[in-house]
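Here are some notes for a colleague who has the model open. They may be read alongside the coordinates.

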Amino acid sequence: MSGMEQDARDLLYKTLMTVSIGALWMLLNMTIGLYAGWFFFDQTPKAGNYICYVFAVGSFIWMIRYFYKMWSTKPAPKS
């Protein structure tokens with residue numbers, strides 16, 4: 001058994017999950033948008049541009065809701 005307290009373990013878990021999911025979200029959107037060329041358009045936007053922006057905004061909203069739910073959960077009472 002580890003010598004780490006449960007409160008410290010929970011805080012470390014939430015912090016690492018927030019950083020890793022945020023970095024994964026940025027990497028995924030960068031890959032889809034910048035490398036595929038869908039974040040920028042020449043003269044008029046195409047369907048790929050709209051799909052990319054809808055995905056970026058939708059996944060950002062999902063990520064913020066997930067973080068809010070994760071950080072607002074109360075720890076289990078100590079027995």
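1. Does K74 count as buried or exposed? K74, which lies in the segment after α2, counts as exposed because its relative accessibility is 73%, where exposed means over 50% relative accessible area, buried under 20% and partly exposed in between, with a 1.4 Å probe and protein chains only. From K74 to I21, 53 residues away in sequence, the C-alpha to C-alpha distance is 21 Å.

2. A word on provenance: this is a predicted model, in which local features need pLDDT of at least 70 and side-chain atom pairs count only at pLDDT 80 or more, while totals for chains, interfaces and linings use all residues. Residues are numbered from 1 along each chain as its sequence is written, and side-chain values use heavy atoms, with hydrogens and water left out.

3. Helix α1 (residues 6-35) and helix α2 (residues 47-72) pack with their axes 11 Å apart, at an angle of about 180°, helices being DSSP runs of H or I of at least four residues, numbered from the N terminus, and axes being lines fitted to C-alpha atoms over the stretch in contact, with angles from 0 to 180 degrees between N-to-C directions. The pair is therefore roughly antiparallel, a label for angles over 145 degrees.

4. F67, placed in helix α2, counts as buried at 13% relative accessibility. Leaving aside neighbours within four places in sequence, F67 is in contact with M17, T18, I21 and G22; the C-alpha atoms of F67 and G22 are separated by 9.6 Å, although the two are 45 residues apart along the chain.

5. L27, in helix α1, is partly exposed, with a relative accessible area of 47%.

Notes
Helix = DSSP H or I, 4+ residues; strand = E, 2+ residues; numbered from the N terminus. Parallel < 35°, antiparallel > 145°, perpendicular 65-115°, else oblique. Contact = heavy atoms within 4.5 Å.
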